[in-house]
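Subject: Structure handover

Hello,

Here is the structure I promised to pass on. My notes follow below it.

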Amino acid sequence: MFTPFFYKLKEKKVPVSINEWMILMEALDKRLIHNMSDFYYLARAILVKSETHFDQYDVAFQEYF
């Protein structure tokens, strides 16, 4: 379901690894995310390694969702 979001992040040059992506999928599986705001912040915390990539993450998130 969220695989196109992974590729959107890659397209926007956010260096996301498969390991980080799987951690996010595990969080989804454990139902730790209850709304879009939770998803936004948890995904950003897990997937973005550096503050320099926050803007690219925001653009990818906005375009995908």
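This is a predicted model: local features need pLDDT of at least 70, side-chain atom pairs count only at pLDDT 80 or more; totals for chains, interfaces and linings use all residues.

First, a term: pLDDT is the predictor's confidence in each residue, from 0 to 100. Helices are DSSP runs (H or I, at least four residues), numbered from the N terminus.

Residues are numbered from 1 along each chain as its sequence is written, and side-chain values use heavy atoms, with hydrogens and water left out.

Confidence

The protein chain has a mean pLDDT of 95, and 100% of its residues reach 70 or more. Confidence is lowest in helix 2 (residues 18-29), at a mean of 95. It is highest in helix 4 (residues 54-64), at 97.

Core

A nonpolar core here is a set of buried Ala, Val, Leu, Ile, Met, Phe, Trp, Tyr and Cys residues joined through side-chain atoms within 4.5 Å. Buried means under 20% relative accessible area, exposed over 50%, partly exposed in between (1.4 Å probe, protein chains only). The largest nonpolar core has 17 residues. Those touching the most other members are Phe-5, Leu-9, Trp-21, Leu-24, Phe-39, Leu-47 and Tyr-57. Helix 1, helix 2, helix 3 and helix 4 each give two or more residues to this core. Helix 3 gives the most, with four.

Leu-47 is worth a look. Leaving out residues up to four places away in sequence, its contacts (heavy atoms within 4.5 Å) are Phe-5, Leu-9, Pro-15, Val-16, Glu-20, Trp-21 and Leu-24.

Helix 1

Its buried residues are Phe-5, Phe-6, Lys-8 and Leu-9. They lie on the same side of helix 1, because they cover an arc of only 160° around the axis (taken from the directions from the helix axis to the C-beta atoms). These residues pack against helix 2, helix 3 and helix 4.

Aromatics

Rings of Phe, Tyr and Trp (its six-membered ring) pair if their centres lie within 6.5 Å; planes under 30 degrees apart count as stacked, over 60 as edge-to-face and the rest as tilted. That rule gives 18 aromatic pairs. One of them is Phe-5 with Tyr-57, edge-to-face, at 6.1 Å centre to centre and 75° between the planes. Phe-5 lies in helix 1 and Tyr-57 in helix 4, so this pair ties together parts that are 52 residues apart in sequence. Phe-5 is buried, at 0% relative accessible area. Tyr-57 is buried too, also at 0%. One aromatic cluster includes Phe-2, Trp-21, Tyr-40, Phe-61 and Phe-65.

There is also a charge over a ring (NZ of Lys or CZ of Arg within 6 Å of the ring centre and within 35 degrees of the ring normal). The charged end of Arg-44 sits over the ring of Phe-54, 4.3 Å from its centre.

Loops

Most residues other than glycine have a negative phi. Lys-13 has a positive phi, near 70°. Lys-13 sits in the loop between helix 1 (3-11) and helix 2, and is exposed at 62% relative accessible area. Arg-31 also has a positive phi, about 60°. Arg-31 is in the loop between helix 2 and helix 3 (36-47), and at 67% relative accessibility counts as exposed.

What about His-53, buried or exposed? At 18% relative accessibility, His-53 counts as buried. His-53 lies in the loop between helix 3 and helix 4. Beyond residues up to four places away in sequence, His-53 touches Lys-13, Val-14, Pro-15 and Val-48.

Best wishes
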